[in-house]
Amino acid sequence: MDVILKYFPNLTVTQIEQFRALEVLYKDWNSKINVISRKDIDELYTKHVLHSLGIAKVHEFKSGSSVLDVGTGGGFPGIPLAILFPDVDFYLIDVIGKKIKVVKAVSEALGLENVKAEQIRAANVNNQFDFVISRAVTNMTDFVGWVRKKIKKENNHDIRNGILYLKGGDLTEELASFAAVKQINLSDFFEEDFFETKKVVYLPIKYKP
């Protein structure tokens with residue numbers, strides 16, 4: 001928990017309590033349903049919570065905006081971001097029902113009224129959102145194919161609506177066909193070794209009806 005306060009020192013009392021509760025909740029659920037690898041659960045705050053919050057270092061969601069988290073797994077990056085942005089609506093989806101069960105239970109235990117979780121494929125989502133977020137569920141070309149029609153036409157942020165994707169490693173080849181893409185190194189914000197090769201990939205998406 002200290003690593004969260006290190007980089008986000010201005011949290012409210014409620015947010016601190018919610019972030020602190022994540023450890024107990026995820027350790028309990030992980031003992032029943034394996035949503036986080038056994039070796040990573042003891043580094044929950046660095047490898048999952050802080051990693052998710054890396055998106056917030058790159059872009060701040062405005063109050064009233066909407067965000068789709070595709071392939072959320074156990075709730076990352078959606079749940080940490082929903083704690084940080086209580087006035088933003090988050091829709092967390094995954095094709096695996098037991099993972100959505102955990103997401104629903106955790107968000108309910110935290111009292112997160114801005115989170116909706118559902119077992120559904122991205123292709124079957126009918127709504128549109130300001131941003132789509134995810135954490136390395138597939139290559140960017142396939143991911144864009146899944147979500148390109150899920151982006152709202154109206155832009156209410158300083159950057160165009162689009163994708164904010166947590167990825168790692170050398171992405172030169174994978175992103176070569178996307179002229180507008182930007183890679184932001186999380187090592188610019190976080191000093192822990194884990195973030196040495198981690199990035200937020202931002203890709204603005206042109207509205208398609």
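This is a predicted model: local features need pLDDT of at least 70, side-chain atom pairs count only at pLDDT 80 or more; totals for chains, interfaces and linings use all residues.
The largest nonpolar core holds 51 residues. Ile4, Leu22, Tyr26, Phe61, Ile79 and Phe90 touch the most other members. Helix α3, spanning residues 44-58, supplies the largest share of this core, with seven residues. A second core is separate and has 23 residues. Its members include Leu68, Phe129, Met140 and Phe143. In soluble globular proteins, nonpolar side chains tend to be buried together.

Ile79 illustrates the contacts made within the chain. Leaving aside residues up to four places away in sequence, Ile79 touches Leu22, Tyr26, Gly74, Leu92, Val103, Val106, Ser107, Leu110 and Leu112. Two of these partners, Leu22 and Tyr26, are also listed with Ile79 among the core residues that touch the most other members.

Ser52 belongs to helix α3. Its relative accessibility is 0%, so Ser52 counts as buried. Beyond residues up to four places away in sequence, Ser52 is in contact with Phe76, Pro77, Pro80, Leu81 and Leu166. Two of these contacts, Phe76 and Pro77, are joined by a cis peptide bond. Omega is about 10° at this bond. Pro77 sits in the loop between β1 (66-70) and α4 (78-84).

A further backbone feature occurs at Ala136. This residue is not a glycine, yet its phi is positive, at about 50°. Ala136 is located in the loop that runs between β4 (131-135) and α6. With a relative accessible area of 45%, Ala136 is partly exposed.

The loop between α6 (140-147) and β5 (162-168) contains Asn161. Glu154 is found in this loop as well. Asn161 counts as buried because its relative accessibility is 0%, below the 20% limit. Glu154 counts as exposed because its value of 52% is over the 50% limit. A polar atom of the Asn161 side chain lies 2.8 Å from the backbone oxygen of Glu154. This distance falls within the 3.5 Å cut-off for a polar contact.

The surroundings of Asn161 extend beyond Glu154. Not counting residues up to four places away in sequence, Asn161 touches Asp130, Phe131, Ile151, Lys152, Glu154, Asn155, Asn156, Pro204 and Ile205. Glu154 and Tyr207 are 53 residues apart along the chain, and their C-alpha atoms are separated by 8.6 Å.

Note on methods:
Residues are numbered from 1 along each chain as its sequence is written. Side-chain values use heavy atoms; hydrogens and water are left out. Helices (H or I, at least four residues) and strands (E, at least two) are DSSP runs, numbered from the N terminus. Buried means under 20% relative accessible area, exposed over 50%, partly exposed in between (1.4 Å probe, protein chains only). A polar contact is a pair of N or O atoms within 3.5 Å; within protein, one must be able to donate a hydrogen and the other to accept it, and residues adjacent in sequence count only if both atoms are side-chain atoms. Contact means heavy atoms within 4.5 Å. A nonpolar core is a set of buried Ala, Val, Leu, Ile, Met, Phe, Trp, Tyr and Cys residues joined through side-chain atoms within 4.5 Å.
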